Amino acid sequence: MTTTAPPDTATLEKLISASVAAPSMYNTQPWRYRLDTDTATVEIRAAAERALRHADPVGRALHVSVGAALFNLRVAAAHLGWEPVVRLLPRPGEPDLLAAVRLAGQPLRGRHRPDLYEALWHRHSSRFPYSAHPLPTRLPAELTEAAHAEGVLLSFPGPSETTRLLRVTAEGERRNTHDQVRRAESRRWIREGTADGMPGSVLGPQDATGQLPMRDFAGLRPASGRPTAVFERRPVIAVLSTTHDRRADWLRAGQALEHVLLVATAEGVRASMLHQGLEYPDLRWALGDGRGRPRHVQMLIRLGYGPTGPATPRRPVRMVRDR
């Protein structure tokens with residue numbers, strides 16, 4: 001299919017449905033879409049009303065989420081026969097317009113693995129314990145290359161550095177649990193029977209050993225009120241980071257995050273995100289090792305083999321598309 005004509009209604013709905021399958025913090029789904037029929041361009045805008053004022057006051061996580069949705073849109077466009085031509089932050093006078101994707105001619109080959117389109121429909125976070133079965137030795141390099149293709153760094157720290165990163169993350173979790181305002185904000189997104197937010201089935205248990213600081217979305221206190229399970233003793237943590245920390249870098253980080261997650265999904269590997277330490281400026285600085293190196297951590301990704309976990313709901317296209 002070689003065309004620059006805009007997609008028909010059914011195809012546009014498929015593109016948007018693929019895009020919104022991306023992850024977002026608390027499953028807020030902070031995006032809206034508009035098709036410019038004159039230029040066959042799909043615009044992705046931030047849904048400011050879905051921003052997290054306390055956990056994400058500067059909107060970094062929102063941009064990362066939209067970046068992940070943008071990558072899914074690119075994958076779907078290529079699968080359906082278009083070359084997605086992307087512009088980030090295309091109009092300075094419209095700060096809510098985060099990306100524009102023009103559907104150009106026939107897609108270039110080799111931009112990403114062809115199995116990522118199928119993977120995007122099956123990818124979702126698994127916040128449950130993983131097994132001790134190691135990842136294939138080739139996989140870290142493949143995931144690193146996926147991030148590099150988006151201009152972003154991915155590293156796999158050794159055991160001592162992993163322990164340090166988990167310690168910093170645990171401090172972020174401790175602060176969240178003791179912050180009444182943040183607890184209330186996260187609890188508002190625990191929802192049943194809605195098209196967004198997190199049903200109780202996806203939240204997962206806490207690590208009985210305390211080694212892995214899994215987010216307690218309900219902010220339960222005391223700790224004895226939380227369901228627990230024994231998690232993996234040697235967790236595999238990947239660090240996604242950028243050399244700069246601008247809005248465009250956050251969008252690139254989101255694209256890299258989803259590229260990494262889809263490759264992992266295609267390989268049968270589960271993932272969940274550890275974000276608590278990124279929600280406090282001092283802890284985020286510490287995650288970058290606190291020595292002033294030009295590295296801005298955008299996400300910690302936990303990887304391993306385990307249960308798929310339940311999927312979170314998604315809003316239908318009619319709720320996210322602007323006419």
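**Notebook: salt bridges, sheets and cores**

I began with the charged pairs, and the count of salt bridges comes to 26, a salt bridge being a side-chain nitrogen of Lys or Arg within 4 Å of a carboxyl oxygen of Asp or Glu. I note that this is a predicted model, in which local features need pLDDT of at least 70 and side-chain atom pairs count only at pLDDT 80 or more, while totals for chains, interfaces and linings use all residues. Residues are numbered from 1 along each chain as its sequence is written, and side-chain values use heavy atoms, with hydrogens and water left out.

**Entry 1: the five-stranded sheet**

I looked up the strand order of the open sheet of five strands and found β3-β4-β2-β1-β11, with mixed pairing. Helices (H or I, at least four residues) and strands (E, at least two) are DSSP runs numbered from the N terminus, and two strands pair if DSSP finds at least two bridges between them. The edges are β3 (84-88) and β11 (321-322), each of which pairs on one side only. I then followed β1 (residues 31-36) against β2 (residues 41-46), which pair in the antiparallel sense over six bridges, with Leu35 standing opposite Val42 of β2.

Two helices lie on this sheet. Helix α1 (residues 9-19) lies across β1, β2, β4 (97-103) and β11 and runs at about 155° to β1; axes are lines fitted to C-alpha atoms, for helices over the stretch in contact, and angles run from 0 to 180 degrees between N-to-C directions. Helix α7 (residues 247-266) lies across β3 and β4, at about 145° to β3.

**Entry 2: charged pairs one by one**

Arg32 and Asp322 meet through their side chains in a salt bridge, at 2.7 Å from N to O. This pair links distant parts of the chain, since Arg32 sits in strand β1 and Asp322 in strand β11, 290 residues apart. Asp322 is partly exposed, at a relative accessible area of 25%, where buried means under 20% relative accessible area, exposed over 50%, and partly exposed in between (1.4 Å probe, protein chains only).

Is each partner in the salt bridge of Arg34 with Glu43 buried or partly exposed? The closest N and O atoms of this pair are 3.4 Å apart; Arg34 is partly exposed, with a relative accessible area of 31%, whereas Glu43 is buried, at 2%.

Because Asp249 and Arg252 are three residues apart in helix α7, about one helical turn separates them. Asp249 is buried, with a relative accessible area of 7%, and Arg252 counts as partly exposed at 31%. I also noted one network in which salt bridges that share partners join Arg34, Glu43, Arg45, Arg91, Glu94 and Asp96.

**Entry 3**

β5 and strand β8 (residues 236-242) run antiparallel and are joined by three bridges, and Leu153 stands opposite Ser241 in β8.

**Entry 4: nonpolar cores**

I looked next at the nonpolar cores, a core being a set of buried Ala, Val, Leu, Ile, Met, Phe, Trp, Tyr and Cys residues joined through side-chain atoms within 4.5 Å. The largest has 76 residues, and those with the most contacts inside it are Trp31, Tyr33, Leu240, Ile301 and Leu303. Helix α2 (residues 60-79) supplies the largest share of this core, eleven residues. Beyond its neighbours within four places in sequence, Leu303 is in contact (heavy atoms within 4.5 Å) with residues including Tyr130, Leu143, Phe156, Val236 and Ala264. A second, separate core of ten residues includes Tyr26, Ala55, Leu203 and Phe217.

**Entry 5: two helices**

Finally, I checked helix α5 (residues 159-178) against helix α6 (residues 180-187), which pack at an angle of about 90° with their axes 5 Å apart. The two are therefore roughly perpendicular to each other, a label for angles of 65 to 115 degrees, where under 35 counts as roughly parallel, over 145 as roughly antiparallel and the rest as oblique. Asn176, Thr177 and His178 of α5 make the contact with Gln180, Arg182 and Arg183 of α6.
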